[in-house]
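Hi,

Here is the structure I promised to pass on. Have a look at it first, and then read my notes below.

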Amino acid sequence: MIEMFPFYLCSMEIEMENSWKNILKSEFDKPYFIELKSYIESEYLTKSEAVFPDKDQIFRAFSECPFDRVKVVILGQDPYPTIGHAHGLCFSVEEDVKPFPKSLVNIFKEIETDLNIPFPENGSLVRWAKQGVLLLNSVLTVREGEAGSHINKGWEKFTDAVISELNNNLEGIVYLLWGSKAQEKGKSIDISKNYVLNSVHPSPLSSYRGFFGCKHFSETNEYLVSKGKNPIFW
């Protein structure tokens, strides 16, 4: 059974899986995080239902994929700002969301072409997380209809710390960096002991400029197998 660490944010209990708690506990007392917590608490209290994801899912990426099980990291930007979509894992949506967001559709198209895996019945990527894929947004919250609304409030420092801890304590991780923002955030990754794959973002605006045909999913599995790890069933 996975141990969970209760962390209080927005006047309610948020659970973070215990291995991540042990790694990140020093971040929670830093001035920037205290300011971030205060800001996010205010946002949820004053915006009511118009901040995503739900408060109990802010750290879901960490709960679904314990630190010592991370094999792959996918970096997103911030949660979907559409009601009912965001649930704490980048690019992923709740099981009942139809149609899928366009970026997620393009991800599934590339998987189908790359590995001949047909489109799944739903857009939840929890199944990836449980296999060791950390689906990490750079910013973990957003206002409804306002993409990027919680940028530069402190989340970036927190997720930089996440990447730093992974980089310092683990090796043999595949990092999928889609788009210039993810690639900028991933500059600190030690490529001598990890495998970094870069591409344009899977959004409709850029997917035809290199995301389609990137074969990141088969390359990821080939690398994992070469390191004696189980491949991901995408």
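Let me start with charge: the chain carries 25 positive and 32 negative side chains, and the centres of the two sets are 4 Å apart. Lys and Arg count as positive here and Asp and Glu as negative, with His and the chain ends not counted; each charge is placed at NZ of Lys, CZ of Arg, CG of Asp or CD of Glu.

Before the rest, some ground rules. This is a predicted model, so local features need pLDDT of at least 70 and side-chain atom pairs count only at pLDDT 80 or more, while totals for chains, interfaces and linings use all residues. Residues are numbered from 1 along each chain as its sequence is written, and side-chain values use heavy atoms, leaving out hydrogens and water.

**Overall build**

The chain has eight helices and eight strands (DSSP runs numbered from the N terminus: H or I of at least four residues for helices, E of at least two for strands). The C-alpha trace spans about 45 × 40 × 35 Å along its principal axes. Buried residues make up 53% of the 234 in the chain; buried means under 20% relative accessible area, exposed over 50% and partly exposed in between, using a 1.4 Å probe and protein chains only.

**The core**

The largest nonpolar core has 64 residues, and Phe 62, Ile 74, Trp 128, Leu 134, Phe 158 and Trp 234 touch the most other members. Such a core is a set of buried Ala, Val, Leu, Ile, Met, Phe, Trp, Tyr and Cys residues joined through side-chain atoms within 4.5 Å. Leaving out residues up to four places away in sequence, Trp 128 touches, among others, Ile 74, Phe 217 and Trp 234 (contact means heavy atoms within 4.5 Å).

Leu 166 sits in helix α6 (residues 155-169) and is buried, at 0% relative accessibility. Beyond its neighbours within four places in sequence, its contacts include Trp 20, Phe 67 and Leu 134.

Most residues other than glycine have a negative phi, and most peptide bonds are trans. Here are the exceptions I noted:

- Phe 52 and Pro 53 are joined by a cis peptide bond, with omega about -5°; Pro 53 is in the loop between β3 (51-52) and α3 (60-64).
- Lys 98 and Pro 99 are also joined by a cis peptide bond, with omega about -5°.
- Asn 152 has a positive phi, near 65°, and is exposed, with a relative accessible area of 68%.
- Lys 215 has a positive phi of about 55° and counts as partly exposed at 42%.

Cheers
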